[in-house]
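Me: I have a model open and I'd like to learn to read it feature by feature. Give me the general idea each time, then show me the case here.

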Amino acid sequence: MLIAKISPLWMAHALPAAAELTIDSGAPGVRASDDDEQGGDKGGSGKDEVGLATRTRTKPKKPSQFKVLMLNDDYTPMEFVVICLKRFFNMDMEQATRVMLHVHQKGVGVCGIFPYEIAETKVNQVMDLARQNQHPLQCTLEKA
Ligand code: TYC
């Protein structure tokens, strides 16, 4: 008998409220595998017993945050970096210029902190525009 189907907990934040009470497989000694369908404990020794997972998560895990980083290079025009920061990170001229100059002087700078999928989208937007314009600008993400 299959006791519990395990939900990927990292998706918990994306579930509707009613689905947030998921059965957690984290209880020590509890294993759920396909073997359970065939009776699990084949030798009858009692060692491979399968228990009912009872721990529940009432509070969904917060989606983890990622920093979007801009890297310096010797060729991308300063104006282009400022355009990217304004367009994709909603900065005004002053903020964008400050961040661009920081990256120019220090080698790397933070454009913003976002949930993973948004951070990834912004990195792709910057990299795509840079590629289209044949600039070597690099943008990456890092766990915050
Ligand atoms: N160093 C570049 C130059 O002198 C400007 C630059 C700034 C490039 C920031 C990339 O992320 C960057 N033209």
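This is a predicted model: local features need pLDDT of at least 70, side-chain atom pairs count only at pLDDT 80 or more; totals for chains, interfaces and linings use all residues.

Me: In which loop do I find Asp-74?

Reply: Asp-74 sits in the loop between S3 and H1.

Me: Is Asp-74 buried or exposed?

Reply: The cut-offs go by relative accessible area: buried is under 20%, exposed is over 50%, and partly exposed is in between (1.4 Å probe, protein chains only). Asp-74 is exposed because its relative accessible area is 70%. Across the 144 residues of the protein, 27% count as buried. Asp-74 also shows how sequence and space can part ways: His-104 is 30 residues apart from it in sequence, yet the two are 8.8 Å apart, C-alpha to C-alpha.

Me: What does Thr-76 touch?

Reply: Contact means heavy atoms within 4.5 Å. Leaving aside residues up to four places away in sequence, Thr-76 touches Val-81, His-135, Pro-136 and Leu-137. Thr-76 is in the loop between S3 and H1, and it counts as buried because its relative accessibility is 11%. There is a polar contact too, a term for a pair of N or O atoms within 3.5 Å; within protein, one must be able to donate a hydrogen and the other to accept it, and residues adjacent in sequence count only if both atoms are side-chain atoms. Here the Thr-76 side chain reaches the backbone nitrogen of Leu-137 at 3.2 Å.

Me: Now the ligand. Which residues are around it?

Reply: A residue is near a molecule if one of its heavy atoms lies within 4 Å of it. Around the ligand are Met-70, Leu-71, Asn-72, Asp-73, Thr-76, Met-78, Val-81, Met-100, Val-103, His-104 and Leu-137. As for polar atoms, a ligand oxygen is 2.7 Å from a polar backbone atom of Leu-71. A ligand nitrogen is 2.7 Å from an N or O atom in the Asn-72 side chain, and a ligand nitrogen is 2.7 Å from a polar backbone atom of Asp-73.

Me: How do I read an aromatic pair?

Reply: Two things describe it: the distance of the ring centres and the angle of the planes. Rings of Phe, Tyr and Trp (its six-membered ring) pair if their centres lie within 6.5 Å; planes under 30 degrees apart are stacked, over 60 edge-to-face, and the rest tilted. The structure holds two such pairs. Phe-66 and Tyr-116 are edge-to-face, at 5.1 Å centre to centre with 75° between the planes. That pair joins distant parts of the chain, with Phe-66 in strand S3 (residues 65–71) and Tyr-116 in helix H3 (residues 116–132), 50 residues apart. Phe-66 is buried because its relative accessibility is 13%, whereas Tyr-116, at 39%, is partly exposed. Phe-89 and Phe-114 make a tilted pair, 6.2 Å centre to centre and 40° between the planes. This one also links distant parts, from Phe-89 in helix H1 (residues 78–89) to Phe-114 in strand S4 (residues 108–115), 25 residues apart. Both Phe-89 and Phe-114 are buried.

Me: Which lysine lies over the face of Phe-114?

Reply: A charge sits over a ring if NZ of Lys or CZ of Arg is within 6 Å of the ring centre and within 35 degrees of the ring normal. Lys-122 does this for Phe-114, at 5.2 Å from the ring centre. Likewise, the charged end of Lys-143 is over the Phe-66 ring, 5.9 Å from its centre.

Me: What follows H1?

Reply: Most residues other than glycine have a negative phi. Asn-90 comes after H1, with a positive phi near 55°. Asn-90 lies in the loop between H1 and H2 and is exposed, at 65% relative accessible area. Gln-134 also has a positive phi, about 60°, without being a glycine.

Key: Residues are numbered from 1 along each chain as its sequence is written. Side-chain values use heavy atoms; hydrogens and water are left out. Helices (H or I, at least four residues) and strands (E, at least two) are DSSP runs, numbered from the N terminus.
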